[in-house]
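Hi there,

Here is the structure I said I would pass along. Have a look at it first, and then read on for my notes.

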Amino acid sequence: MNFVYNTPSIVCENNHAFEVFLRILLQRELKGKNDRLPEARWYKKPLNQLPTKDARRYVLDAIPTIGEERAKRLLDSYGTISNLANSTKNELMKVPGIGEKRADKIYEIFH
């Protein structure tokens, strides 16, 4: 959602995405979750202001289909992005939640 000149605009990929967005927005409204500003989270800070551990998770979270939880699991398993980047596809698939397709994607990005 973007506000320019106090006019909200919503950009969605397609009609289905717009329907999903509206449903979530209405659910949040009914639960009172839109009554205040959301809490600041670590990933909203500029990358150079994050602790190293969080910056690593932020970088891995940006890989398509990885997300925050899988990024955490990958870092728990490998410790650093360098170790992760040097792993094989089979080694990557040993991490819970990383199947063949995700392992292929991670490997492709780093090689």
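Below are my notes on a pair of helices and on one serine in a loop. Please keep in mind that this is a predicted model.

Let's start with the helix pair. Two packed helices are described by the angle between their axes and the distance between the axes. For H2 (residues 52-61) and H3 (residues 67-78), the axes come within 8 Å and cross at roughly 120°. That makes H2 oblique to H3, and the crossing is right-handed.

Which residues meet where H2 contacts H3? From H2 there are Lys 53, Arg 56, Arg 57, Leu 60 and Asp 61, and they meet Gly 67, Glu 68, Ala 71, Lys 72, Leu 74 and Leu 75 in H3.

Now to the loop between H4 and helix H5 (89-92), where you will find Ser 87. Is Ser 87 buried or exposed? With a relative accessible area of 2%, Ser 87 is buried, because the cut-off for buried is under 20%. A polar atom of the Ser 87 side chain lies 2.6 Å from the backbone oxygen of Leu 84. Leaving aside residues up to four places away in sequence, Ser 87 touches Tyr 78, Leu 92, Tyr 107 and His 111.

Best wishes

Conventions
Residues are numbered from 1 along each chain as its sequence is written. This is a predicted model: local features need pLDDT of at least 70, side-chain atom pairs count only at pLDDT 80 or more; totals for chains, interfaces and linings use all residues. Side-chain values use heavy atoms; hydrogens and water are left out. Axes are lines fitted to C-alpha atoms, for helices over the stretch in contact, and angles run from 0 to 180 degrees between N-to-C directions. Helices (H or I, at least four residues) and strands (E, at least two) are DSSP runs, numbered from the N terminus. Angles under 35 degrees count as roughly parallel, over 145 as roughly antiparallel, 65 to 115 as roughly perpendicular and the rest as oblique. A crossing is left-handed if the near helix is turned anticlockwise from the far one by less than a right angle, and right-handed if clockwise. Contact means heavy atoms within 4.5 Å. Buried means under 20% relative accessible area, exposed over 50%, partly exposed in between (1.4 Å probe, protein chains only). A polar contact is a pair of N or O atoms within 3.5 Å; within protein, one must be able to donate a hydrogen and the other to accept it, and residues adjacent in sequence count only if both atoms are side-chain atoms.
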